[in-house]
Amino acid sequence: MIESERLTRRRIGLLAIAVLLVGGLLATPYRSELIGILGVGFFNTALTLSVPITLAGVGGLYAEKSGVINIGIEGLLIAGAFTSVLVTGISVDAVGAGSAVWLGMLAAVVVSTLGALLFGVICIRYKADQIIAGLAVWFVFLGLAPFFSRVYWGQINSPTVATFSEVPIPVLSEIPVLGRILFTNYPTTYLMLVIVPVAWYVLKFTSFGMWVRASGEHPEALDTAGVNVNRVRYISIMISGALSGIGGSALTLSTVGQFIGQGQTIVSGDGFIGIVAYLMGNYNPLATFGAAALFAGLDAYQVRMQQIGLDIAPELFGAIPYAAVIVVLVLFGYTRIPERAGENYESGDE
């Protein structure tokens, strides 16, 4: 009954937001320009922008499902973004642009996974507070990436390197509208479209998925069944690192081909929005993707609004996705987290 009431509240809330958005869009004097933004190119861009958020979110939900809250995902994205550009730039002369970008992404996965493993050792082996350790991971990579950028390139922003090209899928890319949106994309976008359903299947139907869920809900029962709880948690944390590595490389190698170290770096909060996405999606990878696509769509929309030169303050445009995050948190802030998330566990403890 309580769940039903919550679902009803969510539906009413989303409907109210949709009505307000549509009403506001039609009431503004810029309605023709604003509606004109919603073309095929917009949705294709939104899908591309959703990659780092989605992968960060899916990785984060695995870690938290297992009982470890990994808010250091933002830092792992930064590590992936920086490493992918560095390795691509170093290797391009030796292996060519086509192979260099894949090497860059692979290196990003390795570095982000090692960063996540270090976070796991601190939290599991040394039983540190997970929130503080996660913040430390973020701050460390937020400082290290621009520092190494200055050391290697002599400037806080890297030079431009090779990037992935869009790969149209034969036949499917010829489908009107959908072919351009779904089947003419960067390799990292295709990876995301594969990873999300696989993550959902693994979590829901496999033994490992059951262990992950049990590790975050009833670790004693999992321990009694003979499964090493900490090993499950380590693997889950490393999954969050690997996916963050792909997400970070998607930010740099799918579009701009550059690491930007200014401010919050090129990642600019995508890791934190990924956390909101899996909370909004109630720890379901498919729903996490939906939430990430919503945020990415709002971000793409505010960028297009600035590009068409509307006489509105740019700061107001930029606030749109973050205002949406606040609204979502109000509507979905009661998402049930795993019962033992954030708690350390030692075999034999009650």
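**View 1. Helix α5 (residues 97-125) is the biggest giver to a nonpolar patch, supplying four residues.** Helices here are DSSP runs of H or I with at least four residues, strands are runs of E with at least two, and both are numbered from the N terminus. The patch sits on the surface and is made of Val95, Leu103, Leu106, Val110 and Leu114, which together have about 420 Å² of accessible area. For patches, residues need over 30% relative accessible area and no salt bridge; nonpolar side chains (Val, Leu, Ile, Met, Phe, Trp, Tyr) are joined within 5 Å, and like charges within 9 Å. Areas come from the Shrake-Rupley method with a 1.4 Å probe, and for residues only the protein chains shown count as cover.

A word on the model before we go on. This is a predicted model, in which local features need pLDDT of at least 70 and side-chain atom pairs count only at pLDDT 80 or more, while totals for chains, interfaces and linings use all residues. Residues are numbered from 1 along each chain as its sequence is written, and side-chain values use heavy atoms, with hydrogens and water left out.

**View 2. Val110 is one of the patch residues.** Val110 is found in helix α5. Its relative accessibility of 43% makes Val110 partly exposed, a class that lies between buried (under 20% relative accessible area) and exposed (over 50%), using a 1.4 Å probe and protein chains only.

**View 3. Glu166 and Arg180 join their side chains in a salt bridge, at 3.9 Å from N to O.** The pair links distant parts of the chain, 14 residues apart: Glu166 is in the loop between α6 (130-153) and β1 (167-168), and Arg180 is in helix α7 (residues 178-182). A salt bridge here means a side-chain nitrogen of Lys or Arg within 4 Å of a carboxyl oxygen of Asp or Glu. Glu166 is partly exposed at 30% relative accessible area, and Arg180 is partly exposed at 34%. The whole structure holds three salt bridges.

**View 4. Arg340 and Glu220 meet through a salt bridge of 2.8 Å, N to O.** Arg340 lies in the segment after α15 (320-332) and Glu220 in helix α10 (residues 219-224), so this pair ties together parts 120 residues apart in sequence. Arg340 is buried, with a relative accessible area of 15%.

**View 5. Glu343 also forms a salt bridge with Arg340, with the closest N and O atoms 2.6 Å apart.** Shared partners join Glu220, Arg340 and Glu343 into one network of salt bridges. Glu343 is partly exposed, at 35% relative accessible area.
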